[in-house]
Amino acid sequence: MNTTTETIAGRVVLLFCNGAGMLDLVILPLWVGGLIRTYSFDPQVAGGLVTLYLAGMVVANVSAGFLFHRLPARPVVTTGFLIAASCFFLMLKTDLGGGYSLALRLGALNLIGGLGAGVALAVAHGTMSLGHNPHRLFAVANLGPCIFAVLFFALTPPMMNTMGVGAVFVNAGAIILIAGVLSLFAFPSIPRNNSPKEVSERATGTPTAILILCFLGLLSMFLANSTILSFVERIGNAEGFESAAIGTGLMIGGIIPLLSPIAAGFLQNHLAATWTVVFGLLAHGAFAIVQSHPANFLVFTLANALITSTTVFTIIFAFGLLAKLDPSGRMNALTASMTMTGSALGPIYGGTIAKYAGFSAVGFGAAALAVIGALCFSVVAMRLRKGALVQYA
């Protein structure tokens, strides 16, 4: 099927690709918590296993991001997602022993799966950035993670009562498999006016220092995000909430963020992108502290929903900003590496905090990182206002 970023079919495929590629951020609470409950791994080991998946995404995403315009989009995205889905399904086979033997096997599959998903997501993000309106297109695509979050948290917790963390592997693998099949038949082609030759002739005039600060700011944001979300399920458990109630809270936390992409799309021309990211990060840090010290179950649920909503809303503005600062699409193709570098370190960083200071300290660790990210984008905003790119500040 011949589709583009401007056709409905093409946008639906990108929605699925973004949802499948960013799925690890959605499933972190049940993934890490499930590994701890099912295999009795300590928080540091469980966080480390998930970190291997995210590290694989980073390595693959950086490689694919720099080579974005040389890669055949549809075959690369399809193959990457099929590899990732296969690895999740293979994680179900756990009859090779427990302890370190099982941890090593799961670690290898996580790493390979991350490599496949990282390549696919790099090409998908790069393609989105070359559309007519990258901000709006990314807002549409970010409905994917939100929709999948609702489905995942509605289906997975009940299944975990009998399958343990295997329920996470089955549902994650199924979602990624669907994205791979859809990409095979309908992944959109890159607009002709954004061919490699024409892109290389465009001069952005954006100082490298600004792009580096954006990279560091996004890295901090997603490190903060994965630090707190990786242990939401464990925080709820430590507070004495029932497992079924926690699952319901996580599902609600997936429904509310559905409004974020819609709001970000409508507010595109009414909010300054850089300062929106700054205040989004500060809000994220505040919600992380509340999440780790919930006064009751209602506060626990709302804090989780607001953390996810703020992240989705903020990254859409960050993506649109990067598309303007670097119209080649390479910075946006590297978005997942920024995301996953932070996310890869989050589970093990948060796990280390939880191991030595308790789950209540995880929120403060996340908040500190969010403040660092806000500082980076504050400098970007001030630098843009002093230069010729004031319209983006």
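The following legends describe close-up views of a predicted model.

Local features are given where pLDDT is at least 70 and side-chain atom pairs where pLDDT is 80 or more, while totals for chains, interfaces and linings use all residues. Residues are numbered from 1 along each chain as its sequence is written, and side-chain values use heavy atoms, with hydrogens and water left out.

View A. The whole structure holds 4 salt bridges, a salt bridge being a side-chain nitrogen of Lys or Arg within 4 Å of a carboxyl oxygen of Asp or Glu. R37 and E233 form one of them, at 3.5 Å from N to O. R37 lies in helix α2 and E233 in helix α11 (residues 232-238), so this pair ties together parts that are 196 residues apart in sequence. Helices (H or I, at least four residues) and strands (E, at least two) are DSSP runs, numbered from the N terminus. E233 is buried at 4% relative accessible area, as is R234 at 12%, whereas R37 is partly exposed at 39%. Buried means under 20% relative accessible area, exposed over 50%, and partly exposed in between (1.4 Å probe, protein chains only).

**View B. D42 and the start of helix α3.** A side-chain oxygen of D42 comes within 2.8 Å of the backbone nitrogen of V45, at the start of α3. A polar contact is a pair of N or O atoms within 3.5 Å; within protein, one must be able to donate a hydrogen and the other to accept it, and residues adjacent in sequence count only if both atoms are side-chain atoms. The side chain of D42 also forms a salt bridge with K355, at 3.9 Å from N to O. K355 lies in helix α17 (residues 335-357) and D42 in the loop between α2 and α3, so the pair ties together parts that are 313 residues apart in sequence. D42 is partly exposed, with a relative accessible area of 30%, and K355 is partly exposed at 40%. S40 is also placed in the loop between α2 (23-39) and α3. Phi of S40 is near 60 degrees, a positive value in a residue other than glycine, and S40 is exposed at 65% relative accessibility.

**View C. Helix α3 along its length.** Helix α3 (residues 43-66) has 24 residues. From its first C-alpha to its last, α3 reaches 34 Å, close to the 34 Å expected at 1.5 Å a residue. The expected span is 1.5 Å times one less than the number of residues.

**View D. A nonpolar surface patch.** L82, F89, L92, M163, L177, V181, L184 and F185 make up the patch, with about 650 Å² of accessible area together. Patches consist of residues with over 30% relative accessible area and no salt bridge; like charges are joined within 9 Å, and nonpolar side chains (Val, Leu, Ile, Met, Phe, Trp, Tyr) within 5 Å. Areas come from the Shrake-Rupley method with a 1.4 Å probe, and for residues only the protein chains shown count as cover. Helices α4 (73-90) and α8 (166-186) each supply at least two residues, and α8 gives the most, with 4. L82 lies in α4 and is partly exposed, at 33%.

**View E. Cysteines C214 and C376.** The count of disulfides is 0, where a disulfide is a pair of cysteine sulfur atoms within 2.5 Å. The sulfur of C214 is 9.1 Å from the closest cysteine sulfur, in C376, too far for a bond. C214 is buried at 1% relative accessible area, and C376 is buried at 11%.
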